[in-house]
Amino acid sequence: MFKKILVANRGEIALRVIRTCKEMNIKTVAVYSTADADSLHVRFADEAVCIGPAASRDSYLNIPNIIAAAEITNADAIHPGYGFLSENAKFSKICQEHSIKFIGALPEQIEGMGDKASAKETMRKANVPTVPGSDGILESLEDAKACAKEIRYPIMLKATAGGGGRGMRIVASEDDLEEAWNSARQESAAAFGNDGMYMEKFVEDPHHIEIQIAADQQGNICHLSERDCSIQRRHQKLVEETPSPFMTDELRASMGEAAIKAAKAVNYEGVGTVEFLVDKHRDFYFMEMNTRIQVEHTITEEVVNYDLIKEQIKIAAGCHISGDNYFPKMHSIQCRINAEDALNNFRPCPGTISHYHAPGGHGIRVDTHVYAGYSIPPHYDSMISKLITVAQTREEAITKMERALSEYIIEGIETTIPFHLQLMQDSQFRKGEFTTKFMDTFEIEK
Ligand code: MV4
């Protein structure tokens, strides 16, 4: 087992990793920017190294400084958390070259999944269902026209280097294709330095359902069932839950099997997530594979009673998993509490928390790095807390969430708590009737 893990991240996920390391008797090294000197991850780790100024690119993305911090502290592994360097193939490679175990995917796997058109091609060949569309990258506008004629409109143009909806266009008819083609290419060239585009049939009003998987170095693979992440706004997830209200035992079995096939196709090692779109007929299609621990891993932990960070560390150290799949025994929901003014278009709202009281009691989990007097730096993402409930039924998990949200006191800044309270009371949400379009029409009352 590792003796010392450097946590190359900040905020709640840095704390989350440090907590499991303590329970596993592994020493920890925190790294921090000058803006995070007062952060709890710095206090709770055994050692801490400042790696640069506030801007992410100078600190949490600064590979030489992070490697230097690992070397001077003698860390034998690095946990990257999510975001930052967690899916950076170059960083995974540099860790390898320095004989530091990167607790995440191998460089080839990150690279393979990072290019969306080639990831899709890999999955199609492995018999994982994919959306009908172009064979890889489109050569030209003429190529795109011909492809769209074949699969029929509406279609979607997608950037192969894309993610988070950037460089993506829905095209309703041939009249709109040229403009969409030009603007999507321009946008992805500017955002990713890559203007490769591919095409898919547009799946109307889909659910976003992802499958958690775990694979050890010996080739044992299992899935840990699904998470429904359909409640999103501008490609930012707001609420996640498991089991999905849209799930059936039959669909879970086939999506679980497909996710395992996907992992096998790339010789996957570690924990990962396979994202699918699911249409109204419950046909499902591979979207992407995330080779990191995700923000919403918590709800899976609650329903299958399994510490995913511990598993991630054990797998990286060469331990075996049984290969048995895990199924939800409970119902869990997570609300992302962001420092955003939900009543004003979710405008970011950094600042100092003057008063703070976290909810508690049976079935409540709060994963956060904030406390009374904490100042939220403006340099990083706005998520400040994850409120998670777990109960026997969906109904009870929602009721518990309402109760917990009503107890949660965060003063001095605006947060997304008022939004979540309204959502928990929404009749469509309570019936479990929602898709990725839900937030397009959800009206927040002031
Ligand atoms: C789609 C789609 C409909 N049809 N692909 C958005 C981000 C990227 N990961 C995939 N996305 C979509 N791809 C086809 N062929 C609809 C979306 C989509 C979406 C997907 C998941 C969650 C929320 C979404 C919101 C809008 C569009």
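User: What should I know before we start?

Analyst: This is a predicted model, where local features need pLDDT of at least 70, side-chain atom pairs count only at pLDDT 80 or more, and totals for chains, interfaces and linings use all residues. Residues are numbered from 1 along each chain as its sequence is written, and side-chain values use heavy atoms, with hydrogens and water left out.

User: How many helices and strands does the chain have?

Analyst: There are 15 helices and 22 strands. Those are DSSP runs numbered from the N terminus: helices are H or I with at least four residues, strands are E with at least two.

User: What makes Asp-36 buried?

Analyst: Buried means under 20% relative accessible area, exposed over 50%, and partly exposed in between (1.4 Å probe, protein chains only). Asp-36 has 1%, so it counts as buried. Across the chain, 57% of the 446 residues count as buried.

User: Where is Asp-36, and which residues is Asp-36 in contact with?

Analyst: You'll find Asp-36 in the loop between strand S2 (27-33) and helix H2 (40-44). Contact means heavy atoms within 4.5 Å. Leaving aside neighbours within four places in sequence, the contacts of Asp-36 include Arg-10, Tyr-60, Tyr-374 and Tyr-380.

User: Why is strand S14 described as largely enclosed?

Analyst: Because 8 of the 8 residues of S14 (residues 331-338) are buried. His-331, Ile-333, Cys-335 and Ile-337 point one way, Ser-332, Gln-334, Arg-336 and Asn-338 the other way, and all are buried.

User: How do you know that S14 pairs with other strands?

Analyst: Two strands pair if DSSP finds at least two bridges between them. S11 (residues 236-242) and S14 have 4 bridges, in the antiparallel sense, with Val-239 opposite Cys-335. S14 and S21 (residues 383-391) have 8 bridges, also antiparallel, and here His-331 stands opposite Ala-391.
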